[in-house]
Amino acid sequence: MEFDVLGGQLPTVVCKMKQNEKMISESGGMCWMTAGMKMETGMKGGLMGAFKRSMAGESAFVNTFTSTNPEDEIAFSSSFPGQIIHFNLAEGQHVIAQKGAFLAGSDTLSLEIHFRKKLWAGLMGGEGFILNKIQGPGDAFLEIDGALVMKELADGEVLKVDTGHVAILEPTVNFDVEMVKGFKNIFMGGEGLFLAVLRGPGKVWLQSMNVQELANQLRPFMPGK
């Protein structure tokens, strides 16, 4: 499969597929496709696969697109202004991503929730701390909200990140949750109750846009609010 990411801050990934090649996507991700593409909606991995995707905040149903002609074309668009990042994952290789980051990819990918040893951290941390595990083999296209910043943490190096700005982690990065300290900081700081604590080694991809915070800012302008 060949691909190209177009569109700047409103990106679309256009994939040129070989005959009988397959891709999967979440509901509503497809933008356009040539006549030779065949679409089928189902529960990839059966009920257990659907359950794992639901736990990870994704749709229980997955769209599978199959190319029936050489060089069929299909495109997937990001749901928010931002960027699309590509990973070519080997067998067993995986990345950890925020809820809803998966846009499209090879049908050989496995998508499920990322369970942590400290389950309370994910439960208490809120929406920004529900993470997905995307495992190869295959190509994965993930959407980042806003601008993308990649940092490579050294062994033991710590980075504290506000809720909703953690986009993607390498599995070598330790993820934990820390409560903001201080009464005034919690109730007057406006930065939320929890911070993500990322400890290296490994790469982390951060996003400048926090969709939940954006929704809060827009709520006063919505009809009936």
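Is Phe141 buried or exposed, judged by its relative accessibility? In this predicted model, Phe141 counts as buried, because its relative accessibility is 0%. The close-up views below begin with the ring that pairs with Phe141 and then turn to other parts of the chain.

**View 1. The aromatic pair of Phe3 and Phe141 is edge-to-face.** The count of aromatic pairs comes to 3. In the pair of Phe3 and Phe141, the ring centres are 5.0 Å apart and the planes stand at 75°, so the arrangement is edge-to-face. Phe3 belongs to strand E1 (residues 2–6) and Phe141 to strand E13 (residues 138–145), so this pair ties together parts that are 138 residues apart in sequence. Phe3 is partly exposed, with a relative accessible area of 35%.

**View 2. Phe65 and Phe76 form an aromatic pair that is edge-to-face.** The centres of these two rings are separated by 5.8 Å, with 70° between the planes. Since Phe65 lies in strand E6 and Phe76 in strand E7, the pair ties together parts that are 11 residues apart in sequence. Both Phe65 and Phe76 are buried.

**View 3. Thr68 sits in the loop between strand E6 (62–67) and strand E7 (72–77).** Thr68 is partly exposed, with a relative accessible area of 35%. Leaving aside residues up to four places away in sequence, Thr68 touches Gln19, Gly36 and Lys38. The C-alpha atoms of Thr68 and Lys38 are 7.1 Å apart, although 30 residues separate the two along the chain.

**View 4. An open sheet of 6 strands runs in the order E11-E12-E9-E16-E19-E14, with antiparallel pairing.** Its edge strands, E11 (110–113) and E14 (148–153), each pair on one side only. From one strand to the next, the twist averages 20°. Within this sheet, strand E9 (residues 94–98) and strand E16 (residues 166–169) pair in the antiparallel sense over 2 bridges, and Ala97 stands opposite Ile168 in E16.

Methods
Residues are numbered from 1 along each chain as its sequence is written. This is a predicted model: local features need pLDDT of at least 70, side-chain atom pairs count only at pLDDT 80 or more; totals for chains, interfaces and linings use all residues. Side-chain values use heavy atoms; hydrogens and water are left out. Two strands pair if DSSP finds at least two bridges between them. Helices (H or I, at least four residues) and strands (E, at least two) are DSSP runs, numbered from the N terminus. Axes are lines fitted to C-alpha atoms, for helices over the stretch in contact, and angles run from 0 to 180 degrees between N-to-C directions. Buried means under 20% relative accessible area, exposed over 50%, partly exposed in between (1.4 Å probe, protein chains only). Contact means heavy atoms within 4.5 Å. Rings of Phe, Tyr and Trp (its six-membered ring) pair if their centres lie within 6.5 Å; planes under 30 degrees apart count as stacked, over 60 as edge-to-face and the rest as tilted.
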